[in-house]
Amino acid sequence: MPQGAGELGQAGEKANPFRISDQELPLVPPPTTTITLSGGLEPYNGPWDVDQATHLLRRIGFGVKKADLDLLLGMTVGDAVDHVLNTSIPQTKPVYNYFDDADPNNPYDYEEPTLQLGQSWIPNDPAPYQFNGDAEGYRIQSFRGWWLEQMVNQGASILEKLTLFWHNHFATQTASYFNGKGCYQHNNLLRSKALGNFKEMTKAVTLDPLMLIYLNGVYNTKWAPDENYARELQELFTIGKDNPDHYTEEDVVAAARVLTGWKIDYEKATTWYYAVDHDNTDKQFSAFYGNTVIPGNVNAEVELDALLDMIFEKNEVAEYLCRKLYRWFVYYNIDATTEANVIQPLAQIFRSGGYEIKPVLETLLKSTHFFDAVNKGCYIKTPVDIVIGTLRSFNLGIPSQTYWDDFEMKYFLTDALVGQQMMPGDPPNVAGWQAFRQVPLYYRMWVNSTTVRRRNEYLGLLFTPYIATSDDNRLQIIPVDFAAQMSNPYDPVVMIDDMVKILLPQPLSDNKKWLLKNILLSGQASDSYWTIAWSDYVNDPGNDMYFSIVNTRLTNMLAYMLLLPEYQLA
Amino acid sequence: MKRRNFLRTAGATAALTPFLHSGFAINPLAKSSMFGSLGNAAAMSGKIMVFIELNGGNDGLNTLIPLDQYSKLSLHRSGVLIPENKVLPLNGYADTGLHPSMGAMQQLFNDGLMSIVHDVGYPQQDYSHFRSMDIWHSASASDQYLDTGWMGRTLQGEHPSFPTGYPNDDTKDPLAIQIGSSLPLAFMGSGYSMGMTLGNANDFDNVFVNDLVEPAPPTPYGDELEYIRLIQQQSQVYYEVIKEAAEAQPNNLSPMYPPLGENGLADQLRVVARLIGGEMQTPVYVVSIGGFDTHSEQVIEGSVEVEGQDSKGGDNHALLLRKLSEAIAAFQDDIERMGKADIVAGMTFSEFGRTIASNFSTGTDHGAAAPLFVFGKGVNPGIIGNNPDIPQDLAISGDVPMAYDFRQVYASVIQDWFGLTSMSSVLFNDFDILPIFRGTSAAKEDKRDLFGVSNYPNPVTSYTTILFSTFNNAHVVINLMDAQGRFILQIAEGNYNSGLHQVRFDRSNLPSGTYFYQVVQNGMGVTKKMLVF
């Protein structure tokens, strides 16, 4: 059974995050590679050229944009990495866009009683959130669309890819909390702390309304302790189970008692503390935690701080997080060499830096290891890489002449992502997407006979005029605009080389490049025929015939490139 | 309340679909009535057509040589001239012959398996490869810029909901296959290509019989790439049917093919033959051979008969024509051995011909019309049209003018080969049919009108009256046949006295299309065409 439909939004599954064995795994061999990624964390000092810069952009963002590439190529490798790590938080908020004021009979829209189209449904602080049971589903989709838009419009920055990492790490589901503000503020919490301090982020997430609902924190009282969050806090968010010697069941129970007493206002999406429900007796932890006792306190936050201090004393936290970061940004396969040369030193930096995230990423992204040639192109693109990254590479924004266009277009993108089995905001369960944890397939979980077809259908559709909310509001690749960005579109060989470097992670074989040129030249032997066609078009871009000649050929060639298996890799 | 529920579950997936129905034209054809008029006859009547694209613009005057113009040819194209005594003769056509390298096609012609159409082109020749190829693929007028192809429109008329719901029990095979990398414009329907490509002919067995994936480098990148290749290969919706066909016809049957790797066109046609032999119902195939843009070294070593490579490593014209000729002959032999000759035909086309005059590089430049070759058991053997008139004086390099519009050839394929009834929605106009195929509508209509047979009204909307006269008492049978001449029903049967008779025929639920009715008197028949709208 395809995973998408059944798996998404099943909040009931969250208590059993590792119910993986129930699923049909494709019958494929595990990785056979014997070559390991070489190089350690020493700063990369090799050439800084298109191959390196596109690799950096592919891994820290979604797709490669020519403008971003040109920007980074004007820097040194160190400055380029600093640039992508120097992020700023978007100042926009999701807006009321889910009403179609042009069609009074549209059965799919909703009219807010008190808002103007284009106004955010999240009031400015300190005004309280106006919950509206009829609108929250629309607001959640408005939020999700806003999130996708942040990704589409991301500059040369790691921020959105990293926010998605934290979402995969601290996984929650919008489906579990029917409140637009709750979903938005959780997401923005991850974004605003994405490059900050991991320990602080963990505390903030612990007390975040969406997480308190998703992992039953609101039901966790001294009268009936609920272990759900206490377990995942250790198992999935900090310590992990990589080390067989880990926290015990008593530790789960003790941590649950530390975490009692937190409540939320469901409508306003705020957290409050109810001391009556908090267990303020002392909590005894196991030998794994050095038999720590957290003294009972009527102020649960004091106990929470003590709990996090205790957990973050353990080496496992930094190791576990560095492995997760590595699998998100580099490759899933961590062998003994990589563990010793990359993970352990990174974990040391993380721990000694007091869990500041930025230095870890800086060290990794500037390293010889990161830029190792065998590391390039081994990352199977996520659906977000396919759906959003492709728009970015072709400089497409989300076309929206009206607010309803905007809502529908974002819905289309959401639908494409759902079909490919990755809906941001609703990972399959609390452990996040399988591609980042499921041994032995990892990334390969993304591609099965269903999803690979949907990926290609989406990519093919981008070359047609049919992603449209009206005749003049279309999401469509404009091949001649893409070609015009290349260094020399008159020369088919140079142009194809440029395009391959932007769109594909490794050089193509001569045979494949010949095929591409053959498509561009429609089988003609002489390159000059393309040069003439392109010159004709550039000199008279309004001429239908000249446009048609170059557009047909570029469309065929680019569609072919995007449907190459190589395009599935980053 | 409903609305809230709607988007609440939309948090998952279910409600996303209505948006696809309301806003997004995922099935764009629903909007278009353009294709509605086709698709009445039984889809494509089980016939198969193989299109052979000669890329670059084939020099027609050195392919089909007008011997009655020889003195003028020798005047204008001395650089590429074929010695008169080397021209291969064609039975029944003393004034016309083939290039010396085309012995295999000469044999096909003399065996009655080939129809040649003189001087096919399009109006207002553009001389650009790209534009010309686009015109041939899209069947556009000279001032029309289409992003759909003529085969795509034809197929879309027959299969308007494709690709939704395909493959299915009725149509389990691909609608059109190109052997090669990219999908031709000819296959483009409105928004979708109606066809697929089958990649490299050399890899066919590896991919479809041996399940091998193209090897990738021994790196993590290569590992992941191989995995994706495998999944993509297996997820190809037509993977299984192609595999079945390839396994059902594991070998080519003809010994005439050149060794693998020597003749790329033959290698492509081998694949096509095996798919046909393996019972694939795909009606359209496209294969191609490049290198016909012979501006220089069309002739090498001073002799048109020398087959070899030019200084850029491309095949010269003689070698190209040998490959073309041998590939076609081997394919035809293969198809006959597979028992499929009745349903398979093939046709060459090239974007334009070449100049009458040769240039100073022993080549020829972009020209206009050129001959076109159709082969198979279903063709009317012979040559359609006359040798071109080569002028004594040439203004510049000189073009062979168009005698037949390429869309006439397409119309003949659509109507007489595939048995489809209306091509105006595909070709945007009505074009006169050429008698390329046996049983063509033109040939089948009996011009002798011994019995004064006619019907009115014609075209028929609800009923028609068939008129005929008898000379003396006669036993008369009137049969209705479809466009392929297959019996559909008997309209009347009985003994008639001499005189004029009327028989009323009610079309009732007869599908729209072209039909023939045959009035048989005492064993002598007269056949007439009837159009039913």
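Helix H4 of chain B, residues 103-110, has B:Ala104, B:Met105, B:Gln106, B:Leu108 and B:Phe109 as its buried residues. Helices (H or I, at least four residues) and strands (E, at least two) are DSSP runs numbered from the N terminus; a residue is buried if 20 or more other C-beta atoms lie within 10 Å of its own, exposed if 12 or fewer, and partly exposed in between, with C-beta atoms placed from the backbone. The cover over these buried residues includes strands E3 (88-90), E4 (93-98), E5 (114-121) and E10 (370-375), together with helix H11 (317-337), of chain B. Just after H4(B), B:Gly112 adopts a positive phi of about 80°.

The model is predicted: local features need pLDDT of at least 70, side-chain atom pairs count only at pLDDT 80 or more, and totals for chains, interfaces and linings use all residues. Residues are numbered from 1 along each chain as its sequence is written, and chains are lettered from A and ligands numbered from 1 in the order in which they are written.

Strand E1 of chain B (residues 48-54) is mostly covered, with seven of its seven residues buried. In a regular strand, side chains alternate between the two faces of the sheet. From E1(B), B:Ile48, B:Val50, B:Ile52 and B:Leu54 point one way, while B:Met49, B:Phe51 and B:Glu53 point the other way. Two strands pair if DSSP finds at least two bridges between them. E1(B) runs parallel to strand E9 (residues 344-350) of chain B, to which seven bridges join it, and B:Val50 has B:Gly346 as its bridge partner in E9(B). Six bridges, also in the parallel sense, pair E1(B) with strand E8 (residues 284-289) of chain B; here B:Val50 stands opposite B:Tyr285.

A further sheet of chain B is open and has three strands in the order E13-E14-E17, with antiparallel pairing. Its edge strands, each pairing on one side only, are E13 (454-456) and E17 (499-506). Strand E14 (residues 463-470) is joined to E17(B) by eight bridges, and B:Ile466 stands opposite B:Val503.

Chain A is divided into domain 1 (87-195 + 378-477), domain 2 (197-313) and domain 3 (484-568), with bounds from an automatic or database domain assignment. The centres of domains 1 and 3 of chain A, taken over C-alpha atoms, are separated by 32 Å. Eight residues of domain 1 are in contact with seven residues of domain 3, contact requiring C-beta atoms, placed from the backbone, to lie within 7 Å. Helix H19 (residues 449-461) of chain A supplies the largest share of the domain 1 side, three residues.

Within helix H24 (residues 544-563) of chain A lies A:Leu562, which counts as buried because it has 24 C-beta neighbours inside 10 Å. Leaving aside residues up to four places away in sequence, A:Leu562 touches A:Leu459 and A:Tyr567. A:Leu562 and A:Ile519 are 43 residues apart in sequence and 14 Å apart in space, C-alpha to C-alpha.

A nonpolar core is a set of buried Ala, Val, Leu, Ile, Met, Phe, Trp, Tyr and Cys residues joined through C-beta atoms within 7 Å. The largest has 306 residues, and those with the most contacts inside it are A:Cys322, A:Met561, B:Met114 and B:Val272. Apart from this core lies another, of 15 residues, among them B:Phe451, B:Val460, B:Ala483 and B:Phe516. With residues up to four places away in sequence not counted, A:Met561 touches A:Met499, A:Leu503, A:Leu516 and A:Tyr567.

Technical notes:
Contact = placed C-beta atoms within 7 Å.
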